[in-house]
Amino acid sequence: MNDQIGVEDAFLHGIPYPGVYVTDEDGVVVAKFFHDTYKKRDSPELYLDAALGRRVLSDEAPAASGGDADVRFTAQVHGGGGTIRQGIRRELVVRCDLGEGLHIYGDGVPEGMVATALEVSGPPGLVFEELQAPPTETLRMESIDVELPVWSGQVDFVVPFYAVGELASETRPLDQDDVTIEVGIRYQACDDQMCFPPKSEKMALTVPLDVIDVPSLGMHRGHGQRESATRMEKHLLRLIWRKFKENPAGLPRFFWKSFQLERQASQRRRNG
């Protein structure tokens with residue numbers, strides 16, 4: 001249960017944190033996804049990846065490329081058909097394809113060698129999480145008596161991200177059709193005999209924004225979102241009645257608190 005919401009928030013009290021377990025055919029849990037807010041969920045594609053044990057990228061999602069014949073980079077949005085929606089986590093996958101016999105470095109290399117570094121940026125309201133990189137391999141250089149952390153072959157660097165209300169909100173139409181995500185990569189490619197000069201690559205992706213799916217209720221209509229075809233009023237009334245029986249004084253307090261918050265927000269919009 002969401003323990004950040006108390007009984008004073010009568011209408012919301014009792015809601016859970018969103019969570020998903022992924023199991024194999026024998027019922028063994030192979031992955032789990034949990035978040036500390038109901039406004040943050042994972043793309044269905046991420047559950048499928050966890051079940052399959054590999055990441056399956058779409059050929060139709062927004063992508064950008066860079067590099068050269070020896071070291072090729074592709075940046076692609078994974079999940080939701082390559083769109084961005086409020087609160088739904090997508091992945092920015094930066095795939096590096098290294099030529100035969102080449103490697104790039106991870107963190108912890110000696111001075112004079114350049115570890116691979118990735119920078120991702122976007123507009124306000126787009127939240128980027130911590131970079132996820134696969135484990136490095138150990139390459140021992142006998143000539144200098146040192147062990148180096150390296151990647152070779154095909155390497156996926158992943159940055160999960162999601163949009164908050166500042167960029168795409170469930171309570172207003174979209175302010176723009178798309179956003180630009182910029183990716184910068186600094187790396188040094190080497191083979192068993194020599195290291196090439198460090199290089200930098202920059203890529204930019206234009207990613208469309210999308211509205212979210214909302215229940216067909218008066219409080220959601222007119223916000224420019226994708227409304228359900230199912231009428232939800234009877235379910236809402238049943239919920240309100242149950243909450244009122246559980247806490248008669250709590251429901252009026254909840255509505256008064258919501259009114260006050262909306263009034264303060266309107267005041268800030270007028271002043272801002």
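Local features were taken at pLDDT of at least 70 and side-chain atom pairs only at pLDDT 80 or more, while totals for chains, interfaces and linings use all residues of the predicted model. Residues are numbered from 1 along each chain as its sequence is written, and side-chain values use heavy atoms, with hydrogens and water left out.

Eleven salt bridges were found in a search of the whole structure; a salt bridge is defined as a side-chain nitrogen of Lys or Arg within 4 Å of a carboxyl oxygen of Asp or Glu. In one of them, Arg89 pairs with Asp42, with 2.3 Å between the closest N and O atoms. Arg89 belongs to strand 6 (residues 88-98) and Asp42 to strand 3 (residues 41-42), so this pair ties together parts that are 47 residues apart in sequence. Helices (H or I, at least four residues) and strands (E, at least two) are DSSP runs, numbered from the N terminus.

Arg89 is buried, at a relative accessible area of 11%, and Asp42 is buried as well, at 6%. Buried denotes under 20% relative accessible area, exposed over 50%, and partly exposed the range in between, with a 1.4 Å probe and protein chains only.

Arg89 also meets the side chain of Glu129 in a salt bridge, at 2.8 Å from N to O. Glu129 is located in the loop between strand 9 (126-128) and strand 10 (137-141), whereas Arg89 is in strand 6, so the pair links parts that are 40 residues apart in sequence. Glu129 is partly exposed, with 23% relative accessibility.

A further salt bridge joins Arg172 and Asp175, where the closest N and O atoms are 3.0 Å apart. Arg172 is partly exposed, with a relative accessible area of 25%, and Asp175 is exposed, at 54%. Through shared partners, salt bridges connect Lys40, Asp42, Arg89 and Glu129 into one network.

Helix 3 (residues 250-271) has 22 residues and, at 1.5 Å a residue, should span 32 Å. The expected span is 1.5 Å times one less than the number of residues in the helix. The end C-alpha atoms of helix 3 are 32 Å apart, which agrees with that value. Buried residues in helix 3 are Gly250, Leu251, Phe254, Gln260, Ala265 and Ser266. The buried residues of helix 3 pack against helix 2 (233-246), contact being defined as heavy atoms within 4.5 Å.
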